[in-house]
Amino acid sequence: MDVMPKWAEVVLVPLISLLLAAILSALVILAIGEDPIAAVQLMVQGALGSTYGWGYTLYYATNFMFTGLAVAVAFHAKMFNIGGEGQAMLGGLGVALACLYFPWPHWSLALIAATVGAALFGAAWAAFPAYLQAKRGSHIVITTIMFNFIAAAVLNYMLVNVLRPEGSMDPATERFSPTVHLPTLHEILAPFGIQFSKAAPANFSLLVAIAACILVWALIWRTRLGYEIRAYGFSEPGARYAGISPTRIIMISMLISGGLAGLMAINNVMGEAERLVLNATEGAGFIGIAVALMGRSHPLGVFLAAILFGFLYQGGAELALWTSIPRELIVVIQALVILFTGALDNMVRMPLESLFLRYRKGRS
Amino acid sequence: MAMNDQTERQDTAAPAIELKGISKSFGPVQANKDISISVRPGTIHGIIGENGAGKSTLMSILYGFYKADRGEIFINGKKTEIPDSQAAIAAGIGMVFQHFKLVENFTVLENIILGAEDGGLLKPSLAKARKSLIELEREYGLNVDPDAVIQDIGVGKQQRVEILKALYRQAEVLILDEPTGVLTPAEADQLFRILGRLRDEGKTIILITHKLREIMDITDTVSVMRRGEMTATVKTSETSPEQLAELMVGRKVLLRVDKVPAKPGKPVLEIENLKVTDEKGVARLKGIDLTVRAGEILGIAGVAGNGQSELLEVLGGMRRGEGTIRLNGEPLALDGPNSDGRARRTQGVAHVPEDRQREGLIMDFHAWENVAFGYHLDASYRRGPFMDNTALRRDTEAKMKKFDVRPPDPWLTAKNFSGGNQQKIVVAREIERNPDLLLVGQPTRGVDIGAIEFIHNEIVALRDQGKAILLVSVELEEIFSLADRIAVMFDGHIMGERLPNETDEKELGMLMAGMSGEAA
Amino acid sequence: MDFLTIIQILDSTIRLATPLLLACLAGLFSERAGIFDIGLEGKMLAAAFFSAATAAITGSVWLGLLAGTLASMVLSALHGLASITFRGNQLISGVAINFLAAGMTVLIAQDWFQQGGRTPSLIGQGRFNAVTLPFADALADVPVLGPIYSELISGHSILVYLAFLCVPATWWLLFRTRFGLRLRAVGENPAAVDTAGISVIGMRYAAVAICGLLCGIAGAYLATALQAGFVKDMTAGRGYIALAALIFAKWRPWHAMFSCLLFGFLQAVALRYQNIHIGDFVIPVQAMDALPYILTVVILAGFVGKAIPPRAGGEPYVKER
């Protein structure tokens, strides 16, 4: 029986979890001798106080939308894809190959090719764990973790031994041609007379990420495939009863998940760095977990949570710049969000449920 | 009479167990409401009630498995707190749960000493348990191999291990929750002999069941529960099955469905030499031959776990098999992509599965989503690349009205309906597809009486439209009241077919135990 | 490859296998009790930092060990709170703990030492130094057996010997004592334990506590014996390799030792050689780095026998209605 009304489920529970994470983070800041209120002010100022700050916040948020959606889609099929990081790394490889080896006349064509490349490579990297889960029952959590490490080794090998331009000591590809440069928010907004920071990295990929949010929403809640994915996620015996093939659902949802994680590369590799470097993903694949949990696996929730984490990321960078608080504070906040919205969900939920129960009894 | 003296003595002795004013809620559901009961020592006390009446909850409270919200427990006249199972064991209470609580990959001996070890090292504990096991065997005729691993022995033996566990802990009061659900009639009789012997040795037995026959056969006293309340406690010798049934459901019930004799037509489903092997490589169906004709209900009787589930699953496309199945003369695939549930549905097979909560419904889906479940790829629910949710909700409203689903709200999630209304949603979905063959598994398990009548009548109505129906039920009563023909399954074989008016429970019981009709 | 090189690689194998073994046995206790733990990595990392930091401040490696173990056990308690008391998702809890450790260690290290997220280098009594076994020097010159004894077996830190002693101890505890019987039972069928009058919660917390203790020793070994101080992310995936070794070992203590030695060997080889040349064919160093993970996937895929985890693993215990 549902004890809580739906609004409490989708709004109140995540908000309380977030609040708890925020309080603990504030205590951490206090403990290292800084002022949490000043820190928040600094973060807001740095991340949202200028178009430059917004540009970074939205740039990070774009990454997190892709990886958050990736985790969310897998969650709907009751799979925990921790492999977003590795899939995003491989996505970077796909983007690099698409951008380096074809003389694209215009960025839009390059973007299409890069999108396909990123999604294909990310999906391919998710395909192995998915196949092993579907056919051999290997636990997807462990295999995707392993594939993160293997991805790092593959990327390392490719950059050091294959893609590195001759004479360069830097394990990175050469710079992409200027024709594949994606328009930044500055360039997109200028025709509308809106002044946006030139230096900020937010770019056209943001629009792709928003489109991905809408497409994932339509997929999960409006299409027959989405119906099957959700049905399988809730009950595997039920799926078999309804003639939904578990193998097919595991494969398709993991391929979509991996593809979405891979797509992140059009933002960080093509949109920002314009070349592929080692550790380009910077843990965004893992932040996707926090984003999906926080957003309750709903694209709108993922969108909002991604912006929140974009804010935290940019704000955290500002903090590290101006105070003695290192960037790792963001990792701590991320951990606390995962902890409260994911693992300690019941700690928030149980008292709330008994509160609602008492309220309901009092009324009737 | 000696029996009378004994009864009088027991009447004056303090009750072995006395519960006063027990109440217990799970969230918004109240499972027990102000229940009081008194159990005399050295008797077998039955507790009867429908599924969900609160019997198991009450006994779990006595065993310290749940904590009561209110109420008191007296043992041998003394008020006792039972906060956990440890306290219950210390108070001399043992319980055999419906689903056994055994560690599958441990030996019998290890399971028996678990929680009742002597000291920190295992060796002396095991040696001591082995010795007392031999004594217990002698005393009560409960023989099992102490070194056998649980997953290798049958359910009957596993149940004995559970009883031995309780006796090893010196239980004076033994609670058994639906102990015969997984047993053949012969095994059940054996269990009842053991229970009789335990009573004669002075143990007190509490037997939870929903089967009237067991109550009448073995108990001294019986308490009846209905919707979380205790409605009556009577001496078994002074009551009748009809009276108990009425007390259970609160009004007179028709134990038989009104129906006209079947007019069987051409064969719809023909099964020849059907074999199924499960994931572990165990043969579940060992060559089944059956025919179901248009306009008849074929009932499959049998103890749970003898292949009935696998039969339904392979027919419903949830499982692969070997052999031949023909539907209206056309062979159905038993392997490959055309053997899944979707293919079966398009071929005209509908399926009300045995476990509606795990299979038949997605408990977190709205009612309208569940109405499409299995038929979600149907063209009528489709609009371009999307599902036509509006059409689906309209369809759901119509079905809910026709099948009297309460509350008739398509937006409610399945888990928020009662068992009976959940089953009505499943039955509505499957019957309204106008299938040639309807597979029905345990259609009234966990369903309230009102919905049982409704569902039974719908199944008979479908038969009267000339459809073929294959019914699997572990409730013999249900088989007798619905089936036009009865086939009995045992160990993956069909033991025989009978007509309901030419057989009785005793003969079917022999077949269910694997003894062929000729020997009976 | 000469005899001495082999001895050196094997010696290095033992050193590198030690943290894996401790973490693997830690995971064994937890998972045998039905609590999956992908947070081994984080617990080790926290222990590595607190042991090194305490040793650096107090100059006593034993106090460091104590502090490291405590830190690891605090994270274990958190995992227990999430997965036992609040019946949360054990995998998500493990992920959270890994990030919490990764972030907090650097944060505190920066606050305490201002050395870019590392501790000062440990010297003297701040480290676990090598223990020379009796007669090691005297027997060093005996052919074959001499070097094996004096180089390979002797000369490790006390924690190495402790780790290897933990193997028979774990076996004995699990299979010969009441505690072990109950612990295994709670990972297979917690309802059986509950109805037998034993606290499922208590057993699982005990298992998780032991897991924390062993992870703590593993982390302390990394920072105060294998290396001289803490650096950011110094566990470098060892927690995951230990998890892989645990699956490889099918949750059995002796097998755990052999699989950790195997993975330790792979690390030792990758550490010693960069690219390995076999004729004209070159195995790149990245392949060696990835090998433990690839092996684990192969094992998980069931190509080397099926690994069946404890039946109740990963499932929070809820009394059924």
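These legends describe close-up views of a predicted three-chain model.

Local features are given where pLDDT is at least 70, side-chain atom pairs count only at pLDDT 80 or more, and totals for chains, interfaces and linings use all residues of this predicted model. Residues are numbered from 1 along each chain as its sequence is written, and chains are lettered from A and ligands numbered from 1 in the order in which they are written.

**View 1. Chain A against chain C.** Here 35 residues of chain A are in contact with 38 residues of chain C. Two residues are in contact if their C-beta atoms, placed from the backbone, lie within 7 Å. On the chain A side, at least two residues each come from helix H5 (107–136), helix H6 (140–163), helix H14 (328–343) and helix H15 (345–363). H6(A) gives the most, with 11 residues. Helices (H or I, at least four residues) and strands (E, at least two) are DSSP runs, numbered from the N terminus. By class, this side of chain A has 24 nonpolar, 8 polar and 3 charged residues. Ala, Val, Leu, Ile, Met, Phe, Trp, Tyr, Cys and Pro count as nonpolar; Asp, Glu, Lys and Arg count as charged; the others, Gly among them, count as polar.

**View 2. Chain A against chain B.** In this interface, 18 residues of chain A are in contact with 27 residues of chain B. Helix H9 (224–234) and helix H10 (236–241) of chain A are the elements that give two or more residues to the chain A side. That side divides into 9 nonpolar, 5 polar and 4 charged residues.

**View 3. Glu318(A), a buried charged residue in a helix**. Glu318(A) lies in helix H13 (residues 299–322) of chain A. It counts as buried because it has 22 C-beta neighbours inside 10 Å. A residue is buried if 20 or more other C-beta atoms lie within 10 Å of its own, exposed if 12 or fewer, and partly exposed in between, with C-beta atoms placed from the backbone. Beyond four places in sequence, Glu318(A) touches Leu42(A), Met43(A), Gly46(A) and Ala47(A). Met43(A) is 275 residues away from Glu318(A) in sequence, yet their C-alpha atoms are 6.5 Å apart.

**View 4. The largest nonpolar core.** This core has 389 residues. A nonpolar core is a set of buried Ala, Val, Leu, Ile, Met, Phe, Trp, Tyr and Cys residues joined through C-beta atoms within 7 Å. Leu62(B) and Ala245(C) have the most contacts inside it. Helix H10 (residues 200–226) of chain C supplies the largest share, 16 residues. Outside its sequence neighbours within four places, Leu62(B) contacts Ile17(B), Leu19(B), Ile73(B), Ile82(B), Ala88(B), Ile93(B) and Ile175(B). In soluble globular proteins, nonpolar side chains tend to be buried together.

**View 5. The two domains of chain B.** The assignment gives domain 1 (2–92 + 172–247) and domain 2 (267–358 + 434–512). Domain bounds come from an automatic or database domain assignment. The C-alpha centres of the two domains lie 35 Å apart. Their contact takes 8 residues from domain 1 and 7 residues from domain 2. The domain 1 side has 3 nonpolar, 4 polar and 1 charged residues. Chain B as a whole has 18 helices and 22 strands. Buried residues make up 48% of its 520 residues.

**View 6. Asp177(B) in its strand**. Asp177(B) sits in strand E7 (residues 173–177) of chain B. With 20 C-beta neighbours inside 10 Å, Asp177(B) counts as buried. Leaving aside neighbours within four places in sequence, its contacts are Ser56(B), Met59(B), Val96(B), Phe97(B), Gln98(B) and Ile208(B). Ala301(B) is 124 residues from Asp177(B) in sequence and 22 Å away in space, C-alpha to C-alpha.

**View 7. The bent helix H1 of chain C**. Helix H1 (residues 3–32) of chain C bends by about 35 degrees at Ala17(C). The bend is the angle between axes fitted to the seven residues ending at a residue and the seven starting there. A proline, Pro19(C), follows within four residues. Just after H1(C), Gly34(C) takes a positive phi of about 90 degrees. Chain C has 13 helices and 4 strands in total. Of its 321 residues, 55% are buried.
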